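I opened this entry to record what I looked up, sheet by sheet and helix by helix. The notes follow the order in which I checked things.

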Amino acid sequence: MSKDMRRADTKIVIERSYRANLKDVWSLWTTKDGFESWWGPQGFRADVHEIDPRVGGILRYDMVADTAEMIAAMKQMGEPASTAIRSRFSEVKAHSRLVLTSMIDFLPGVDPYESNIAVDFFAEGDHVRMRVALDPMHSDEFTKMSVAGFTSQLTKLDQRFV
Amino acid sequence: MQIDPFQVLADPTRRRIIAALRGGEQQVGDVVEKAGVRQSGVSRHLRILSESGFVTMRPLGQKRLYALRSEPFREVDAWLTEYRTLWVARLDRFGMALEKRQQKARQSTKRKNQA
């Protein structure tokens, strides 16, 4: 793969505003119980083993199938029910910005490359606006799921629960 | 192995070629001019784009005419929609987790004040 091909300059950007303070919003990304309380994705839970929100610090967790349907789906596809994920905090500005970088090194025939999730936090009155910018397809857990071929199933589950 | 459409689109030169083909069928010479890429590069990338199904070629006399196919773009679009859906659900959960956390904090403050 050429160097250019590694550079994904198309981003998906999703913004949300929550009635909360910066400290709480920040802690959902940077503490074990915070991160585990929402990361999922749907049908999965995250078991965090290491979370060190400093520049270069590691985030290591297992993505574990957590519903009967998902466990069955994984089994049917011959995929393990638990996948180890490792990222690092490549940028950390407390209560303001963080970037999680993952190495995508498990795709057959594709040179390893890095992918980012960049999050910016803005205090606005009694709300916090959170802006998440994603390299499409490049988050490691989603890429893995996509390789395993069950993202459409995930979407269905999401639709059922939302 | 099937060629990943995202890898095809990740290359800026190929994106320029795709943009040049947006107006409809063209010859290599026109693509070279519009995309501002050397002929050898255009030929190589057109081959990759053809192999990955983004572009079709039909001969017309001496000419070879290249055009875009919609299928891989639809595939990419569906993929991005799925990815977005995953994140929308994830950020919904983020909001719920945040609310729970705040409730807990309020309760513990209350308890402290009562004590």
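I started in chain B, with the helix α4 (residues 39–51), which lies across β2 and β3 of chain B and runs at about 110° to β2(B). The model is a predicted one.

Next I looked up the sheet under that helix. In chain B, three strands form an open sheet in the order β1-β3-β2, with antiparallel pairing. I noted β1 (26–27) and β2 (55–60) of chain B at the edges; each has a single partner strand, so one side of each is left without a neighbour in the sheet. I then followed the pairing of β2(B) with β3 (residues 63–68) of chain B and found six bridges, with the two strands antiparallel. For B:T56, the bridge partner in β3(B) is B:A67.

Helix pair in chain B. I took α2 (residues 12–20) and α3 (residues 28–35) of chain B, which pack at an angle of about 115° with their axes 9 Å apart. The crossing of α2(B) past α3(B) is right-handed. On the α2(B) side the contact is made by B:R16, B:I17 and B:A20, and on the α3(B) side by B:V31, B:K34 and B:A35. I sorted the residues of this contact by class: four are nonpolar, two are charged and none is polar.

Sheet of chain A. I traced seven strands in an open, antiparallel sheet with the order β1-β7-β6-β5-β4-β3-β2. Which strands stand at the edges? They are β1 (12–19) and β2 (44–51) of chain A, each with a single partner strand, so each has one side without a neighbour in the sheet.

I then went through strand pairs of chain A. β3(A) is joined to β4 (residues 82–93) of chain A by seven bridges, antiparallel, and A:L59 has A:S87 as its bridge partner in β4(A). Between β4(A) and β5(A) I found six bridges, again in the antiparallel sense; the bridge partner of A:F89 in β5(A) is A:L100. The hairpin of β4(A) and β5(A) has three residues between the strands, and A:H95 there takes a positive phi near 65°. From β5 (residues 97–104) to β6 (residues 113–124) of chain A I found eight bridges, antiparallel, with A:V119 in β6(A) as the bridge partner of A:L98.

Helices on the chain A sheet. Helix α2 (residues 22–30) of chain A packs on this sheet and touches β1, β2, β5, β6 and β7 (127–134) of chain A; its direction makes about 165° with that of β6(A). I also checked α5 (residues 71–114) of chain B, which lies across β1 and β7 of chain A at about 15° to β1(A).

Cores. The largest nonpolar core has 24 residues, of which A:V25, A:L28, A:L59, A:M70 and B:L98 touch the most other members. At least two residues of this core come from each of α2, β2, β3 (58–65), α4 (68–76), β5 and β7 of chain A and α5 of chain B. What does B:L98 contact, leaving aside its neighbours within four places in sequence? I list A:Y18, A:A20, A:D24, A:V25 and A:L28. Another core, of 17 residues, lies apart from the largest one and includes B:L9, B:I17, B:I18 and B:A35.

Terms used:
Residues numbered from 1 in each chain as written. Chains lettered and ligands numbered in written order. Predicted model: local features only at pLDDT ≥ 70, side-chain atom pairs only at ≥ 80, totals over all residues. Axes fitted to C-alpha atoms, helices over the stretch in contact; angles between N-to-C directions. Helix = DSSP H or I, 4+ residues; strand = E, 2+ residues; numbered from the N terminus. Left-handed = near helix turned anticlockwise from the far one by under 90°. Contact = placed C-beta atoms within 7 Å. Nonpolar A, V, L, I, M, F, W, Y, C, P; charged D, E, K, R; others polar. Pairing = 2+ DSSP bridges. Core = buried A, V, L, I, M, F, W, Y, C linked by C-beta atoms within 7 Å. Buried ≥ 20, exposed ≤ 12 C-beta atoms within 10 Å, placed from the backbone.
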